[in-house]
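Hi,

Here is the structure I promised to pass on.

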Amino acid sequence: MGLGSRAVCAAAALVLAGCQKPLEAPGNPGVCWRLAPAMNGQQDFKPFATDIDTLENCAARLEGLHLAHGQPMVGAFQGRFIYVTDEDVTVAANASSQRYRVFTPQQRAKIDEGFSALKARERSQ
């Protein structure tokens, strides 16, 4: 494939990517979502927990999943994106907007302590 053909293919890929609808956080009330691979190879939100009353409760559950797997997590609650990394738990209105901290470092440490206690209790049973 020549240089011109590669440039055309690259331009076509950019155009197609631009046509793709941006990922939106689901807005279903009371459902905590987790971003996961879909059957088509793309990322999609899958229900993670139901009957969740607040964004903070959803974020805490995603933090537990992060602790269990050691991987960054992306989730959603009522139309907001939730990001869980080693450094922080944040929320944003959409994938490209500014993120805001959900928990202070002290609050996050308390959540992590609670998940560690639950895990230890499960192992002892």
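Let's start with a pair in the sheet: Val 91 stands opposite Tyr 100 in S6. This is a predicted model, so local features need pLDDT of at least 70 and side-chain atom pairs pLDDT 80 or more, while totals for chains, interfaces and linings use all residues. Residues are numbered from 1 along each chain as its sequence is written, and side-chain values use heavy atoms, leaving out hydrogens and water.

S6 is joined to strand S5 (residues 89-92) by two bridges, and the two run antiparallel. (Strands are DSSP runs of E, at least two residues; helices are H or I, at least four; both are numbered from the N terminus.) The open sheet has six strands in the order S2-S1-S3-S4-S5-S6, with antiparallel pairing; to pair, two strands need at least two DSSP bridges. Its edges are S2 (43-49) and S6 (100-101), each pairing on one side only.

Thr 90 also sits in S5. Buried or exposed? Thr 90 has 10% relative accessibility, so it counts as buried (under 20% relative accessible area; exposed is over 50%, partly exposed in between, with a 1.4 Å probe and protein chains only). Among the residues Thr 90 touches are Phe 81, Tyr 83 and Tyr 100, not counting residues up to four places away in sequence; contact means heavy atoms within 4.5 Å.

Now the helices. In H2, Ala 60, Arg 61, Glu 63, Gly 64, His 66 and Leu 67 meet Arg 108, Ile 111, Asp 112 and Phe 115 in H3.
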